[in-house]
Amino acid sequence: MSNFDNDNWTMQSYVMDIVFVRHAQSYNNCLGELINNECGSISEDDYKKEEILRRQQDAELSETGYEQVDHLKQYLKNGGWNDLIPQEQNDSWIVYSSPMNRTLITASAVAEGLDKDVVVDHELYENGGCYEALADGTTVSRPGKSERDVLSEYPRYKCLPGMEQGWYSKFNKKESDSVFIERCHHVSAKLWKMFHENIQLQQANRAAEHLSCGKMNKPIKGLVIVAHANFIGGLLNCLMTQQKTGRNCMFVCNNTGVTHIQLHHELRRNQKTVAICRFNDTRHLKENRLVTGGDPTGDRHIHLFFGDHD
């Protein structure tokens with residue numbers, strides 16, 4: 001989307017859309033409820049021990065999570081995002097996914113619902129990375145899925161370079177909070193750079209069209225990013241401030257909640273802004289029981305946000 005100035009043949013305002021989708025409910029999202037149901041009232045220390053014993057290092061979806069994925073897929077197949085992604089613009093959108101199990105599965109619903117391939121970006125993982133919690137309170141990093149692992153399960157996916165040995169294989173410990181914020185800022189800078197390169201392409205296309213040379217490459221209209229609650233929140237903070245401020249404001253997302261933002265750049269004043277157009281939309285979940293996550297009293301990612309960060 002852009003505004004065209006007929007007086008000097010220059011585009012003055014540009015927009016790029018980004019749609020964030022939080023993954024469907026994972027096994028780890030259910031741990032609190034599971035422990036409470038099976039163990040009853042226990043001490044905080046005993047609760048932490050149970051959590052360590054049961055936690056999956058790269059969690060699969062829960063039964064409810066798979067239902068959420070199916071609802072999202074059917075909603076998209078039935079044109080639920082036609083206002084966001086009109087059919088004629090479908091080819092100019094790119095779907096990205098975190099490399100973690102719960103996002104790869106959720107992204108498959110988006111891919112099938114929109115008839116799109118998925119690009120797996122190893123920088124979109126959740127706060128902490130891929131690690132195993134040990135009984136003594138320490139953690140051990142795990143490599144996560146490799147490119148070969150992903151492609152064997154999802155042949156239509158494409159992995160960005162860096163996953164040959166596993167998406168977390170370069171790290172030897174759980175990700176610290178400071179490194180997490182640094183990563184959010186880095187991804188934010190990549191998105192702004194992608195936007196600016198897209199502007200240059202649109203300008204080149206417009207100039208070529210004016211000179212009757214024909215258009216060059218097709219610009220990107222928007223991105224769908226399937227990721228995680230903490231990561232989406234940290235990235236939104238960095239996108240809006242363009243600084244390393246991953247925890248200034250908390251964004252609470254339900255599982256498969258959809259958030260639509262726009263990056264704006266007005267060239268004359270060199271003004272960059274972020275518009276939040278739709279936040280945590282769960283209309284694709286037809287039953288209240290399927291709306292999970294986002295509870296400030298029970299959602300683990302909110303506890304992590306407010307808790308101590310190593």
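Is E123 buried or exposed? In this predicted model, E123 has a relative accessible area of 18% and is therefore buried, where buried means under 20% relative accessible area, exposed means over 50%, and partly exposed lies in between (1.4 Å probe, protein chains only). Because the model is predicted, local features need pLDDT of at least 70 and side-chain atom pairs count only at pLDDT 80 or more, whereas totals for chains, interfaces and linings use all residues. Residues are numbered from 1 along each chain as its sequence is written, and side-chain values use heavy atoms, with hydrogens and water left out.

Of the 310 residues of the protein, 50% count as buried, and the secondary structure comprises eight helices and 10 strands, these being DSSP runs numbered from the N terminus (helices H or I, at least four residues; strands E, at least two). Among contacts (heavy atoms within 4.5 Å) between residues at least 6 apart in sequence, 73% join residues at least 24 apart.

The structure holds 17 salt bridges, each defined as a side-chain nitrogen of Lys or Arg within 4 Å of a carboxyl oxygen of Asp or Glu. E123 forms one of them with K190, at 2.7 Å from N to O; this pair links distant parts of the chain, since E123 lies in the loop between β4 and β5 and K190 in helix α6, 67 residues apart. K190 also meets the side chain of D121 in a salt bridge of 3.3 Å, N to O, and because K190 lies in helix α6 (residues 177-210) and D121 in the loop between β4 (118-120) and β5 (131-133), the pair ties together parts that are 69 residues apart in sequence. K190 is partly exposed, at 30% relative accessibility, whereas D121, at 6%, is buried.

Among the buried residues of α3 are L72, K73 and Y75, and the helix is followed by G79, whose phi is positive, near 85°.

In strand β3 (residues 93-97), I94 is partly exposed, with a relative accessible area of 24%. Its contacts, not counting residues up to four places away in sequence, include V119 and I220; the C-alpha atoms of I94 and I220 are separated by 7.7 Å, although these residues are 126 apart along the chain.
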